[in-house]
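Please open the structure in your viewer and display the side chains.

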Amino acid sequence: MANQSELTELRRGVLAPCVLALLEERPRFGLEIVRDLARLDGLMTSEGTVYPLLTRLTSNDLVSSLWRHDEGQRARRYYSITEAGNARLRAFRGEWTQFARSVDALLDPIDPGVAEKTRQRS
Amino acid sequence: MTITETPQHETEAYLRRLDRAARWLPRDQAAELHEQIESHLAESLPPDVDQRGVREALAQLGEPHVLVREAAGPRRRLRTRLRRVRWWTWTVVGIVVAGLVSTATVLAVTLIPEYRAPDMICSCGFALTSHFDNVHEREIEPFNATEVALRSNHQGFEFDIYNTGHVTQTVLGLDSRPLNGYLHNYTLRIGSRDEDGAPLTNRRFVAAPVTIAPGQDRAVVVSWNHLECSAPRAEYTVTSVYLRVRIGPFTRSEKIDLGGPVVFKVPKPSTTTPATRCISAAAHEH
């Protein structure tokens, strides 16, 4: 079993690109992002940490936010990816593919199941 | 009185804890985090949620201090803390810094001139042997060697020092270094008043320390008893004297040049004196 703090650090590192990837599809409001991420097993330690991340991405101009008041619904802050965010996401995708391949290559001999799952997913 | 916990109380308590934890975040960031979490709870909790459901939702959100730590980010914590320092704290810090700068400036203005005060200078002087009076003194010749024949074991010289600076100087005594490398056990006496021009015998001398105001003159007599046996024609040359001087809080050595070298010479042997002799006060007193 992996060390909890190692997993937390790993999640912290990939959570931002995952949020950017969700926003690349379409603008989303906070709870929507949290729920989408929560569907992916093991990606989030706690739902609340997504909000500080959104704030950081906004202050780094990777994400912009806009209040929208839809009919019959409460006002929501919608987050959209910016040009800089898109560029960051593209860069991460290229690096991640290579990174994940390297890690898989090392981990495969220890746990063959991981390699099998990776193959099935891809 | 018993307070019944309701789901609303739970969420309000959570938001209060969040606000407390976010005190050191920048205000706009803290407000945004509050708004995000409040909005999250309002949207995610169904209207008929029970207390257990609220607790589960809050547990899913995570501890407030963890959210705040995430909001600050690893590299921003110090900067963020500094930003949250209240205006009056900065005011106090500013006053303290201004006080320190002012004190340093005052010290620099008042102390550095003292530190940089010029050494006292020597005006005319006399080499002395035997009795220190006008009869046995020999004026030190500027730039030329002044030869003085030793007639007793009591020798020395008199010179005037003049405080040319703008700060008072206090002569503490002679520096510990020997006059010319081998003459020791000096006695220092300094004129108690500015008596420039008065006969040496009429002047009043005191032991150090003596304070000399700017522009004032003092006579100084440095003498010693030469108790060693001297070879004939031995010479003891002295060109300067080092004084320990205190100026304000500083103590330093000041080199007082005598104007020209003073050479104390042992007379050449005569047929009646041995090749090596001890100069004795008894034999050569008047």
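The tour covers aromatic ring pairs and then charges placed over rings. Please keep in mind throughout that the model is predicted.

**Aromatic pairs**

Begin by selecting A:Phe92 and A:Trp96, whose rings are stacked, with 5.7 Å from centre to centre and 20 degrees between the planes. The pair counts as stacked because its planes are under 30 degrees apart. Both residues belong to helix 4 of chain A (residues 83-107), where they are 4 residues apart and so separated by about one helical turn. Colour them by accessibility next: A:Phe92 is partly exposed at a relative accessible area of 24%, and A:Trp96 is also partly exposed, at 35%.

Along helix 4 of chain A, A:Trp96 and A:Phe99 are 3 residues apart, about one turn of the helix. A:Phe99 is partly exposed, having a relative accessible area of 42%.

Now show the three residues together: A:Phe92, A:Trp96 and A:Phe99 are linked by ring pairs into a cluster.

**Charges over rings**

For the last stop, select A:Arg76 and A:Phe29. Here A:Arg76 lies over the face of A:Phe29, at 3.9 Å from the ring centre.

Note on methods: Residues are numbered from 1 along each chain as its sequence is written. Chains are lettered from A and ligands numbered from 1 in the order in which they are written. This is a predicted model: local features need pLDDT of at least 70, side-chain atom pairs count only at pLDDT 80 or more; totals for chains, interfaces and linings use all residues. Side-chain values use heavy atoms; hydrogens and water are left out. Rings of Phe, Tyr and Trp (its six-membered ring) pair if their centres lie within 6.5 Å; planes under 30 degrees apart count as stacked, over 60 as edge-to-face and the rest as tilted. Helices (H or I, at least four residues) and strands (E, at least two) are DSSP runs, numbered from the N terminus. Buried means under 20% relative accessible area, exposed over 50%, partly exposed in between (1.4 Å probe, protein chains only). A charge sits over a ring if NZ of Lys or CZ of Arg is within 6 Å of the ring centre and within 35 degrees of the ring normal.
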